[in-house]
Amino acid sequence: MKAPSTGLPDHEARRLVQLATGLDATGVAMRDELTDVEAAAFAGYVDRRLRGEPLQYIEGTVQFGPIEVRVDPRVLIPRPETEVLWERAVAALGTADESTVIVDIGTGSGALALALKHAFPDARVYATDVDADALDLARENVEQAGVTVLGGDLFGALPFGMRGHVDLLVSNPPYVADGDDLPAEVGEHEPARALFAGPVGDEILVRLAEQAFYWVKPGGWVFIEIGETQADRAMELFADFQCVVYQDLAGKPRILAGYRGATSCIEGNR
Ligand SMILES: C[S@@+](CC[C@H](N)C(=O)[O-])C[C@H]1O[C@@H](n2cnc3c(N)ncnc32)[C@H](O)[C@@H]1O
């Protein structure tokens, strides 16, 4: 069957038919029409979507690289640019064993941490967030896979003994300035704490940069997602690391990668 006419783009209507029926695309193609129960569910989903709710919250799951996570309004919907960060970080780290420590700060749904655990099953992977609601969903998504979820403000969530032992630190922190305009679908539905960093937008980046050098071990890596205008600022902030900024799929500079050499000219001065 074809998706009923709704005012939504056809590919979205087809996904909502699949959600209402519990069938995949092939299963839907073999059906003639929706049952009354399915039609009512479909109408409800269409109504939510027409009122601007993100499709991923309606579906309740999102694909992130090789894994799928549950999402709802407690957490940011994982984005394709964060998948680029994941790919770059996996390539940089290369291999991992039981002694490898990977940390995802501001994990939200847990997607990045879970995808890293998928890539490096032997590594010890830690996912942190400051938001209690996000932590609840992250636990549902990642704990079964063996990722440890910790609550707290940035590095404050981590055991102090981990300082200087992190092989790979990743974060997609809030980096929007308070008051900046966002598309309604984002600003009205996704959690403000996941988006806004403060009056300038770099406040969380600054705080990550102040501490990252002391948590990442010599020979380790930091990968941070940044706003498209923040590349120069991020390079300046993470000057202790040997840095490069990678582009996202749209060609925008969005991923700061930093390699921690054995020493830094300012090591010990802060
Ligand atoms: C942009 S979202 C990223 C979520 C997830 N990592 C992703 O890429 O989909 C930022 C996350 O950082 C968390 N966060 C904000 N401030 C924080 C802080 N001070 N300490 C720890 N986490 C924080 C938010 O609750 C949110 O889950």
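Analyst: What follows covers the contact of α1 with α3, and then the buried side of α7.

The model is predicted: local features need pLDDT of at least 70, side-chain atom pairs count only at pLDDT 80 or more, and totals for chains, interfaces and linings use all residues. Residues are numbered from 1 along each chain as its sequence is written, and side-chain values use heavy atoms, with hydrogens and water left out.

Helix α1 spans residues 10-21 and helix α3 residues 36-50; helices are DSSP runs (H or I, at least four residues) and strands likewise (E, at least two), numbered from the N terminus. Their axes come within 9 Å and cross at roughly 135 degrees, the axes being lines fitted to C-alpha atoms over the stretch in contact and the angles running from 0 to 180 degrees between N-to-C directions. The pair is therefore oblique (angles under 35 degrees count as roughly parallel, over 145 as roughly antiparallel, 65 to 115 as roughly perpendicular and the rest as oblique).

On the α1 side, E12, A13, L16, V17, L19, A20 and T21 are in contact (heavy atoms within 4.5 Å) with E38, A41, F42, Y45, V46 and R49 of α3. These residues divide into 9 nonpolar, 1 polar and 3 charged (Ala, Val, Leu, Ile, Met, Phe, Trp, Tyr, Cys and Pro count as nonpolar, Asp, Glu, Lys and Arg as charged, and the others, Gly among them, as polar).

In α7 (residues 132-142), A134, L135, L137, A138, N141 and V142 are buried (under 20% relative accessible area, with a 1.4 Å probe and protein chains only). They pack against β2, α6, β4 and β5.

How values were computed
Buried < 20%, exposed > 50% of the residue type's maximum accessible area, 1.4 Å probe, protein only.
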